[in-house]
Amino acid sequence: MKTFQKSKLVEAIKIDEVKCVNCHACIAACPIKYCNDGSGDAVHVNTDMCIACGSCLDACTHKARNYVDDFDLFLTDLEKGEKIVAIVAPAVAASFPNKYLNLNGWFKSKGVEFIYDVSFGAELTVKSYVEHLKRNKSQTIIAQPCPAIVTYIELYKPELIKYLAPADSPMMHSIKMMQNYYPEFNDHKIAIISPCIAKKREFAETGVGDYVVAFKSIDQYLSRHNIDLVQYAPSEFDNPKAERAVLFSTPGGLLKTAERWVSEISESSRKIEGVNNIYDYLEKLPKVIELGMSPLVVDCLSCEFGCNAGPVTTARGKSVDEIEYFISQRSKSYREHYAKMNGSPTNIENTVNKYWKKGLYDREYTNLWANVDMKYPNEQELNDIFVTMHKYSDEDIYNCVSCGYNTCEKMAIAIFNGLNKPENCHYYLQTEKDIAQNIIVKSERRVNNILETAHDGFIQIDNNLIIQQANMAFKTMVKRNDLVGRIFLEFLDAENEKILLKHWKLRNENLKSSYELTLTQTDGGKIVCLVSGAPMFNDTGEKIGSFAMISDITELKRAEIELQQSHNNLEQKVLDRTEELNEMLEKLRVSNSLIQNYNKELEKLSIVASEIDNATLIMDPEGNFEWVNAGFTKMFGITNDHLRGKNIISKSTPQDIESKILEGIKKCKPINYEAEIKRRGKPRKWIQATITPILDGQGKIRKLISIDTDITALKEKEFEILNQKEEIETQRDRIEKQHDIVKWQSDNIQDSITYARKIQDALLPNKDIFIKYFKDHLIFFSPKDIVSGDFYWVREKNKKVYVVSADCTGHGVPGAFMSMLGITLLNEIVNGHLDKNCDLWADGILNRLKSSIISAMNQTGKTGESRDGMDVAICVFDFENTTMQFGGANQSVLIVRDKKIIELKGDIIPVGIHPDEDLPFTSQNLKLEKDDQIYLFSDGITDQFNEADDKKFTKRRLKQLLLDHQTQSMKTHKKQIKTALENWRGKSDQVDDMLLIGLKV
């Protein structure tokens, strides 16, 4: 026995989180429970604690749980030419009734070289058990053909490991026998054809076997490809025939086989099966063994009705009589076979002894208790968890099983281990609902009480303006108690009805609003109200009316009117008093007119001199400085004391400026000039000066006033602009040179792409084959750019014609590269197989092309890598038998026949990496008729937008176009298709490459 250790177990169940609704049906069906984690939005499986019994697969009606097997790899490796032998479980007779030998024929047609019937391995297994019983006469042994039960004991009942039969399962017996007695197959891979998903665990633990293939996967593949096994000749198994052991997949089959060696063994043994029985039985078995009351042999299987109804068989759900009938018939025929051999039943024993060797088939087991990562709460911790589930006493422990754990305590243990949450308890949810309902009821009472006692009115109306509810305050406002059922418009005159309906439109747009409304009371009185209204919705979000809070503002409006009247009176008094003051002011203006005129010039000079920030100087008629303002001192740092007695013209005055000043004084005109002021140790400064002469009544100069403005920033900006202009001119020259270089490069690239178009055209097939087999045909090929991502391909071989239409990822140069890769790979695939004089059909070409693209592009499915590929349509024409086979990758083919369209749709899988990359392509067959028109096309035609309303051309319009011109020749039809697409497109850009191939039979 192996040492106690923690192990990583092989995955047997995979989860689709999108499909999982967290219903816990899987947990209810699981005999282990705690290998499932229901704490999130989806129930996950802990592979290292799962026994892989498969009970959850049928329980999950949402198809969120699926089994893991190696069928796709098995089939792919066979197609690659791998040397493989198959080991087939006895339950095959129940899953493929009357056709299991035809299944062998299908396996042989795929390349399987040797097919072993595990029934004979079961004969060897019984021999191993009998020998063990001889050595240990009184010790209980637990039969181990079922890997789910073996894994259960290794994980959860390791104390029973020593009672497990120390011999291999029938499948392992079969493999070891083949390895020892058929050495010519030792370099072959081994495929186990099984009804059980747990078999992967056995072969991972023993290190034997390469593929585990489910009966169900085989059946689904045959159905998907319309394969009838009757088409394949029956082929017998390649090993010796079994006898009774063909019953091994049936409950009790082990004991019936053992009776041949030990006649009364069934009387001291136990036959038991089904998840609802076996695991409870094994839980109690250690105590029974301790009491000395245990059976000699425990013949146990996890599945009800045994392996014949295993989780991945086709017999699941059938009657037990129907399931076991074909097994019994096979057993009868095998027993008759051995009875005819000299009439002695010992012949089978002799055959078994020939292939049985002591020690060859021994088996050891692994203690996996370390994998069971579970903690169990003490009494206080358990009670604390029950409180979180709203279970406060024994009366709250319902054990209603809706959580899937059968008891509240087991659910609490799951929560304690983080494997579930209280929200998944039915009692918890009901209690939460009751609590929420009580809160709602109390809230409604509180709200109603507030509304009834509120000073403001409250009203609720439905979508027809019928009053549904009104509080006492509103009833008092309108002086009426019987409001419910009345239409709200009763309390409005025509003018206010318009106001209400205007805001009612806002309610229909789900908007709130506040407005004033005058209500008419029952006795004819009027009250002015402020209404704050909002829409009301039911639980589903449907608008059911609106409600409003209504405040009586009649007194407030009356006070507002009175206040407005007082305001108007006061305003009139202010106007009257203002008029009196204006008259007094006018008199003062007349009195002070002379004074104002006299001081006017002085005021102007004072304002200019004192208030402005510019430098201001006052000079006498000869230009001598008399006074400067603070702005001058701030600008130049010179005060009145420094300037007194000095003249504006000095030795440092530039000649041009001096001339301007003298001429201005002479002509009594204003003078403008710019000057650079240089000061030692300080930044240079630029000023703009304006000298204005002030004249007396005779036109002579009384004073000279100079205003200097600091224009340093402006001058620096001018210098900066001049520098930038020079830089821009330099950059312009550089850009012109770069433009010449870019134009030269563009011309080279354009020439290269044009030459690439010639290469691509050269790779496209010669049209002679089209002319030879399709005298009437058309090829409409319109790339979006110079080169194309669409391409077509044709090949003639073995009296068959292969026509391909392909649309690669992208267009232009990237698409062209993909198209060239596609043409190259098609040549390699078809030439490589057709040159061997073997037929290669559409689905085979697509599967090989897909594998080649993924390999060539190094695609693994990781985020961020290239997902380039292509959509492909393939038609294989067999004119001798007047048939056509079609295979498509995201493409379809249209057949026009008798004024009708037949559409064959391809698989929704691209040629390239894809989440469902393991799915193989399929093909469809069509019997051809005279004058059939076959069309292959890319989506560049159907996806083309029009100019008028930006709509796509669509496949529907294409079909109608083909029907409308069915009687035309293909040459004429091509022109009509081109014209139709150009008229549709108008001035819109072509969005993609366009390809359409038309072939008339």
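This is a predicted model: local features need pLDDT of at least 70, side-chain atom pairs count only at pLDDT 80 or more; totals for chains, interfaces and linings use all residues.
Student: What makes residues 494-508 helix α19?
Tutor: Helices are DSSP runs of H or I with at least four residues; strands are runs of E with at least two; numbering starts at the N terminus. Helix α19 has 15 residues.

Student: How do you know what span to expect for α19?
Tutor: Take 1.5 Å times one less than the number of residues. For α19 that gives 21 Å, and from first C-alpha to last the helix reaches 21 Å.

Student: Which residues of α19 are buried?
Tutor: Asn496, Leu500, His503, Trp504 and Arg507. Buried means under 20% relative accessible area, exposed over 50%, partly exposed in between (1.4 Å probe, protein chains only).

Student: What puts them on the same side of α19?
Tutor: They cover an arc of only 120° around the axis, so they share a side of α19. The arc uses directions from the helix axis to the C-beta atoms. The face turned away from that buried side carries exposed Ala494, Glu495, Lys498, Lys502 and Lys505.

Student: What do the buried residues of α19 pack against?
Tutor: They pack against β12 (457-461), β14 (513-520), β15 (526-537) and β16 (543-552). Contact means heavy atoms within 4.5 Å.

Student: Why do the buried residues of α24 line one face of the helix?
Tutor: Ile657, Ile661 and Gly664 are the buried ones. Seen down the axis of α24, they fall within an arc of 65°, so they line one face. Gln655, Asp656 and Lys666 are exposed on the other side of α24. The cover over the buried residues of α24 includes β19 (671-677) and β20 (685-695).

Student: Which residue follows α24, and what is its phi?
Tutor: Cys668 follows α24, with a positive phi near 55°.

Student: Why is Ser819 called buried?
Tutor: Its relative accessible area is 0%, so Ser819 falls under the 20% limit. Ser819 sits in helix α27 (residues 812-834).

Student: What does Ser819 touch?
Tutor: Gln760, Ser788, Gly789, Phe791 and Cys808, not counting residues up to four places away in sequence. The backbone oxygen of Ser788 lies 3.5 Å from a polar atom of the Ser819 side chain.

Terms used. Residues are numbered from 1 along each chain as its sequence is written. Side-chain values use heavy atoms; hydrogens and water are left out. A polar contact is a pair of N or O atoms within 3.5 Å; within protein, one must be able to donate a hydrogen and the other to accept it, and residues adjacent in sequence count only if both atoms are side-chain atoms.
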